[in-house]
Amino acid sequence: MKEIDWSKLSFGYMPTDYNVRIYNREGKWGELEVSSSETINLHMAATCLHYGQEAFEGLKAFRGKDGKIRIFRLEENAARLQSTCKGILMAELPTERFKEAVLKVVKLNERFIPPYETGASLYIRPLLIGTGAQVGVKPADEYLFVIFVTPVGPYFKGGFSTNPYVITRKYDRAAPHGTGTFKVGGNYAASLRASKEAHDAGYSAEFYLDAKEHKYIDECGAANFFGIKNNTYITPLSSSILPSITNKSLMQLAEDMGLDVERRPIPEEELSTFEEAGACGTAAVISPIQRIDDPENNHSYVISKDGKPGPISTALYNKLRAIQYGDEPDVHNWVTIVE
Ligand SMILES: *Cc1c(COP(=O)(O)O)cnc(C)c1O
């Protein structure tokens, strides 16, 4: 086997030894199957291909200084996948089965979990798709749950740093009563144009306002938003954002650190009042925001005057990473150790 250069890993796909699969037929989930094939044999009329019956998740496994493997909040991911399946009428996978599959695929691919010192981790990608054939618009009668894993590099190669974002009013990611709260592929298809235009213009990601009025903050690309001011952690309350497990964890840690936590609609103008702000999600934990440009109004909300991450964002980032790698005690029971 060729040695992996852990320092060169990015956030991309690298083949690993095994993936795991569970089929749902006649309304029942079958046994867990282990596969070393990277492909899926799929009916051409499968609903995932035509009508978007596709859900996914993203979580990580970390190798600690003690050599142990830790998986972060996997029950939360199981619950969110169930919520997504409810949202687009797919068969729900019980938490126990989700857990069984995650533990199995991580163990089978143990040699791909990067060493502690690298700051890298093993990304775990579960997906659940409608595989039954339909031509009319209907939910499938068969489903497939798959998990593959791939090692990913540390998000901040040059160290924890800030990035610029750009407000988009031309495109919305999800409608107020649409599928924004579900982790479905369709939301990503809807975001690709906005994301490309933002990247082409030199931004880290696009910044969405609420789709109904374009008055309140929704999400930063495929990450949740939070702002900090007056010792308070503030994150949007909206019917079209994805409930981020990272954000949920940061809210708890902020409270533990003695901050107030507010979840409420955040008007766009309030951006000018934040002392710090960040985008949060599994990939980066926190990606601190340098500024948010609003080119249509010839305006720029500068969050970080010196271009550096703020002290509270930095403390939250370090705390969450320390729990994930086992450097600090897991007082909230967020971590599953792979035995
Ligand atoms: C997955 C995702 C997030 C982040 O969720 P985490 O559970 O923190 O990884 C945020 N926004 C969108 C749109 C997402 O799909």
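Good morning, colleagues. The ligand takes up the space of the largest pocket; a pocket here is an open set of points on a 1 Å grid over the protein atoms alone, with protein on both sides within 12 Å along at least five of seven lines. This is a predicted model, in which local features need pLDDT of at least 70, side-chain atom pairs count only at pLDDT 80 or more, and totals for chains, interfaces and linings use all residues. Residues are numbered from 1 along each chain as its sequence is written, and side-chain values use heavy atoms, with hydrogens and water left out.

Let me turn to the surroundings of the ligand. Among the 14 residues around the ligand (a heavy atom within 4 Å), those that come nearest are Lys183, Tyr188, Ser244, Thr246 and Thr282. By class, this shell holds five nonpolar, five polar and four charged residues.

Next, the polar contacts, that is, pairs of N or O atoms within 3.5 Å. Oxygen atoms of the ligand lie 2.7 Å from a polar side-chain atom of Lys183 and 2.6 Å from one of Thr282. On the side of Glu219, an N or O atom of the side chain is 2.7 Å from a nitrogen atom of the ligand. Taken alone, the ligand exposes 380 Å², and the protein buries 96% of that (areas by the Shrake-Rupley method with a 1.4 Å probe).

Finally, the aromatic rings. There are 14 aromatic pairs, counted where ring centres lie within 6.5 Å. One of them joins Phe62 and Tyr325, at 4.9 Å centre to centre and 65° between the planes, and is edge-to-face, a label for planes over 60 degrees apart. Phe62 belongs to strand β5 (residues 59-63) and Tyr325 to helix α6 (residues 311-325), so this pair ties together parts 263 residues apart in sequence; helices (H or I, at least four residues) and strands (E, at least two) are DSSP runs.

Note on methods. A polar contact is a pair of N or O atoms within 3.5 Å; within protein, one must be able to donate a hydrogen and the other to accept it, and residues adjacent in sequence count only if both atoms are side-chain atoms. On a 1 Å grid over the protein atoms alone, a cavity is a set of points where a 1.4 Å probe fits but cannot get out, and a pocket is an open set with protein on both sides within 12 Å along at least five of seven lines; lining residues have an atom within 4 Å of a point. A molecule sits in a cavity or pocket if more than half of its atoms lie within 2 Å of its grid points. Ala, Val, Leu, Ile, Met, Phe, Trp, Tyr, Cys and Pro count as nonpolar, Asp, Glu, Lys and Arg as charged, and the others, Gly among them, as polar. Rings of Phe, Tyr and Trp (its six-membered ring) pair if their centres lie within 6.5 Å; planes under 30 degrees apart count as stacked, over 60 as edge-to-face and the rest as tilted.
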